[in-house]
Amino acid sequence: PEMTRQIFRNIETILAAAGSNLGKIVKTTVFLADLEDFQAMNGAYAEFFSENPPARSTVQVARLPRDARIEIEVVALV
C-alpha cells in the first residue's frame with residue numbers, strides 16, 4: 001500500500017504544477033506486476049478517492065520498468 005500512496009503523492013505534485021488536482025482525475029489505469037497485490041493497492045487507492053472515484057482499469061503485466069510492482073497512469077482535467 002505504501003507504493004500506491006507514494007505514487008499518488010507524486011501525482012498530486014505533478015497535477016498541482018499543472019494547475020490541477022486529484023479531484024480532476026477522470027480515469028486511472030493501474031498496472032500491477034501481481035494481481036495478488038490488488039487488495040492492498042485498492043485499500044490505499046480508496047484513501048485518495050473516498051467519494052466519486054474516477055473510472056479505473058487494473059491489469060496485471062509481465063514486467064514494469066525498474067522491476068516496480070505497481071505503476072499508475074492518470075488522465076486529469078487541467
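Predicted model: local features only at pLDDT ≥ 70, side-chain atom pairs only at ≥ 80, totals over all residues.
Student: Which residues in helix 1 are buried?
Tutor: T4, I7, F8, I11 and L15 are buried in helix 1. Buried means under 20% relative accessible area, exposed over 50%, and partly exposed in between, with a 1.4 Å probe and protein chains only. Helices are DSSP runs of H or I with at least four residues, strands are E runs of at least two, and both are numbered from the N terminus.

Student: Why are they on the same side of helix 1?
Tutor: Because they cover an arc of only 95° around the axis. That arc is taken from the directions from the helix axis to the C-beta atoms. On the other side of helix 1, T13, A16 and A17 are exposed.

Student: What do the buried residues of helix 1 pack against?
Tutor: They pack against strand 1, helix 2 (38–48) and strand 3 (70–76).

Student: Back to T4, what is it in contact with?
Tutor: Leaving aside neighbours within four places in sequence, T4 is in contact with M41, A44, Y45, I70 and I72. Contact means heavy atoms within 4.5 Å. T4 has a relative accessible area of 3%.

Student: New topic: where is V26?
Tutor: V26 is in strand 1, residues 25–32, and is partly exposed at 40% relative accessible area.

Definitions and conventions: Residues numbered from 1 in each chain as written. Heavy atoms only, no water.
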